[in-house]
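Thanks, everyone, for making the time.

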Amino acid sequence: MEEKFRLAVGIMGNAASMLLYSAPIFTFARVIRRKNCEEYSCVPYIMALLNCFLYTWYGLPVVSYKWENFPVVTINGLGILLELSFILIYFHFASTSGKKKVAMMTIPVVLVSCAVALISAFVFDDHGRRKAFVGSIGLVASVAMYGSPLVVMKQVIESKSVEFMPFYLSFFSFLASSVWMAYGLLSHDLFLASPNLVGSPLGILQLLLYCKYRKRGNTDEKWEVESNCERVKDEEKANQLVVTD
């Protein structure tokens, strides 16, 4: 019964993470439409890529016992594909300095992931040590992933606008971290539960910031639209006077 419940929570975690990893689709649809990355940060997507690399490897039978963490493999494997796609789109539309920043962060992530896989496979000869090694590094990567929105949160506080902190990304981050924390506790796996103890509070903090500055952003946008309308009307009146004269 306990194993079935753990599997059910794992499936729920997969669904929540699927929503989290696919949430930036709306953001990048806007980037493609405008052909500009604007003020969006690439840091959360690169940190998510590192997290997905490490936990996909963590869940495979090379590290874990057989397929005990199969739900972890499936969703993080999909996450690798999605995050790589987002990073490539960001890279394509970024400025020259933005491209350099993306490359300088992505290349080390790939190298670290490969190094962790090789060391755990050939240096350690039992599952316990491999899980401890990969899990420790994965724990740090997960904390970095959940902490990466702090860059955006700082921008929200300074600009008093949530334009570049999408609601769905914040909400699904909170939801996924909460469900995976439960899965880790049910599995008695601190390497899965611990980072999500950080992710849940950070997700709540993002949602609180969104609620605080959302109305202010809407008010500013409304005022801007009204100002533009008034300016257009003034221009039309001026044009009519010129034609009359």
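Let me begin with a question: is Asn-69 buried or exposed? Asn-69 is buried, with a relative accessible area of 2%, where buried means under 20% and exposed over 50%, with partly exposed in between, using a 1.4 Å probe and protein chains only. Before going on, please note that this is a predicted model, in which local features need pLDDT of at least 70 and side-chain atom pairs count only at pLDDT 80 or more, while totals for chains, interfaces and linings use all residues. Residues are numbered from 1 along each chain as its sequence is written, and side-chain values use heavy atoms, with hydrogens and water left out.

Asn-69 sits in the loop between helix H3 (43-59) and helix H4 (70-93), helices being DSSP runs of H or I with at least four residues, numbered from the N terminus. Leaving aside neighbours within four places in sequence, the contacts of Asn-69 (heavy atoms within 4.5 Å) include Arg-6, Tyr-183 and Leu-192.

Trp-180 lies in helix H8 and is buried, with a relative accessible area of 10%.

Turning to the surface, Phe-26, which belongs to helix H2 (residues 24-34), is exposed, with a relative accessible area of 59%.

Key. Helix = DSSP H or I, 4+ residues; strand = E, 2+ residues; numbered from the N terminus.
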